[in-house]
Amino acid sequence: MNASASHRAPLPVMAKVFVVAACLEALTWAGLLVGMFLKYVTETTDVGVRIFGALHGGMFLVYIVIAITAAVILRWRWWVAILALLAAIPPLVTVPLEMWMRRRGHLAASRVSA
């Protein structure tokens with residue numbers, strides 16, 4: 001590990017909220033996928049779909065609101081904001097997007113300062 005990687009500046013609060021939302025959105029997507037496998041492939045139960053369907057639906061909406069708020073507060077370019085919104089549609093894409101945004105500096109504190 002190089003010196004710059006071990007001494008990164010802490011993320012602003014809004015960036016941390018976005019990271020948590022991205023992870024929870026992906027986690028609920030994964031739960032819904034498992035639930036759909038159990039319901040439609042193994043035909044054993046639909047409990048996973050009922051539980052994770054509701055959780056993912058709610059988390060999807062929360063993620064969208066948080067992504068828009070983060071885009072404004074962290075001053076993302078329009079195309080970064082669109083990517084953040086589109087990442088919620090395919091399964092599990094919000095986590096790699098968050099990792100990419102962190103590497104590219106889109107979650108950095110320097111974006112917030114005027």
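**Figure 1. The whole protein, an arrangement of helices.** Helices (H or I, at least four residues) and strands (E, at least two) are DSSP runs, numbered from the N terminus. Counted in this way, the secondary structure of the protein comes to five helices and zero strands, with the elements running α-α-α-α-α from the N terminus on. This is a predicted model, in which local features need pLDDT of at least 70 and side-chain atom pairs count only at pLDDT 80 or more, while totals for chains, interfaces and linings use all residues. Residues are numbered from 1 along each chain as its sequence is written, and side-chain values use heavy atoms, with hydrogens and water left out. The mean pLDDT (the predictor's confidence in each residue, from 0 to 100) is 91 for the protein, and 89% of its residues reach 70 or more. Confidence is lowest in helix α1 (residues 3–6), where the mean is 48, and highest in helix α4 (residues 78–86), where it is 98. Of the 114 residues in the protein, 34% are buried; buried means under 20% relative accessible area, exposed means over 50%, and partly exposed is in between (1.4 Å probe, protein chains only). If we take contacts between residues at least 6 apart in sequence, 69% of them join residues at least 24 apart.

**Figure 2. How α2 and α3 pack.** Two packed helices are described by the angle between their axes and the distance between the axes. Here the axes are lines fitted to C-alpha atoms, for helices over the stretch in contact, and angles run from 0 to 180 degrees between N-to-C directions. For α2 and α3 the angle is about 155°, and their axes are 8 Å apart. The two helices are therefore roughly antiparallel to each other; angles over 145 degrees count as roughly antiparallel, under 35 as roughly parallel, 65 to 115 as roughly perpendicular and the rest as oblique. Their crossing is left-handed, a label used if the near helix is turned anticlockwise from the far one by less than a right angle, with right-handed used if clockwise.

**Figure 3. His56, a buried residue of α3.** Let's zoom in on one side chain: His56 is found in helix α3. His56 counts as buried because its relative accessibility is 9%. Which residues is His56 in contact with, leaving aside its neighbours within four places in sequence? They are Glu25, Thr28, Trp29 and Leu32.

**Figure 4. α3 against α4.** These helices pack at an angle of about 170°, with their axes 9 Å apart. That makes α3 roughly antiparallel to α4. The contact is made by Tyr63, Ile64, Ala67, Ile68 and Ala71 of α3, together with Ala81, Ala84 and Leu85 of α4. The crossing in which α3 passes α4 is right-handed.

**Figure 5. Two loop residues with positive phi.** Arg75 lies in the loop between α3 and α4, and Leu92 lies in the loop between α4 and α5. Although Arg75 is not a glycine, it has a positive phi of about 60°. Leu92 is not a glycine either, and it has a positive phi of about 65°. Arg75 has a relative accessible area of 45%, so it is partly exposed. Leu92 also counts as partly exposed, at 40% relative accessibility.

**Figure 6. The buried face of α5.** Helix α5 (residues 94–104) has Thr94, Leu97, Glu98 and Met101 as its buried residues. Around the axis of α5 they fall within an arc of 100°, so they line one face of the helix; the arc is that of the directions from the helix axis to the C-beta atoms. An α-helix has 3.6 residues a turn, so residues three or four places apart point the same way. What covers these buried residues includes α2 (13–41), α3 (47–73) and α4. Thr94, in helix α5, is buried at 0% relative accessibility. Not counting residues up to four places away in sequence, Thr94 touches Ala22, Glu25, Ala26, Tyr63, Ala87 and Ala88. Just after α5, Gly105 takes a positive phi of about 90°.

**Figure 7. Pro12 and Ala108.** Pro12 lies in the loop between α1 and α2 and is buried, with 15% relative accessibility. How many Å separate the C-alpha atoms of Pro12 and Ala108, 96 residues apart along the chain? The separation is 6.9 Å.

Definitions and conventions:
Contact means heavy atoms within 4.5 Å.
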